[in-house]
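Good morning, and thank you for coming.

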Amino acid sequence: MNRVLLAVPTMWADHHVSRVVEALQRLAGVSRVEASAARWEVMVEFDPTATSVPTIEAALRAAGYPSTRAQEI
């Protein structure tokens, strides 16, 4: 499993967190999503054989929450 930490500056309230988590949990290969409106960050744990960081970022953009930075951890 790989993990990526994404900065999502437009996720500043609980309802944004819920939408982000829902959008990312739909992706094949995503096993865990932790999002924080206080830190404007999302941590995604995923199987790199099933999805990728660009796919995760595309899902965020499609949900209306583009990331400004991605850092694999």
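Helices here are DSSP runs of H or I with at least four residues, and strands are runs of E with at least two, both numbered from the N terminus. On that basis the chain has 2 helices and 4 strands, and from the N terminus on their order is β-α-β-β-α-β.

Some notes on the source. This is a predicted model, in which local features need pLDDT of at least 70 and side-chain atom pairs count only at pLDDT 80 or more, while totals for chains, interfaces and linings use all residues. Residues are numbered from 1 along each chain as its sequence is written, and side-chain values use heavy atoms, leaving out hydrogens and water.

Turning to overall dimensions, the C-alpha atoms fill a box of roughly 30 × 20 × 15 Å along the principal axes. Of the 73 residues, 42% count as buried, meaning under 20% relative accessible area with a 1.4 Å probe, protein chains only.

Which residues touch the most other members of the largest nonpolar core? They are Leu24, Val42, Val44 and Ile56, in a core of 20 residues. Such a core is a set of buried Ala, Val, Leu, Ile, Met, Phe, Trp, Tyr and Cys residues joined through side-chain atoms within 4.5 Å. The elements giving two or more residues to it are β1 (2-7), α1 (14-25), β2 (30-36), β3 (41-46) and α2 (53-62).

Finally, consider Val44. Beyond its neighbours within four places in sequence, Val44 is in contact (heavy atoms within 4.5 Å) with residues including Leu6, Leu24, Val30 and Ile56.

How values were computed:
Buried means under 20% relative accessible area, exposed over 50%, partly exposed in between (1.4 Å probe, protein chains only).
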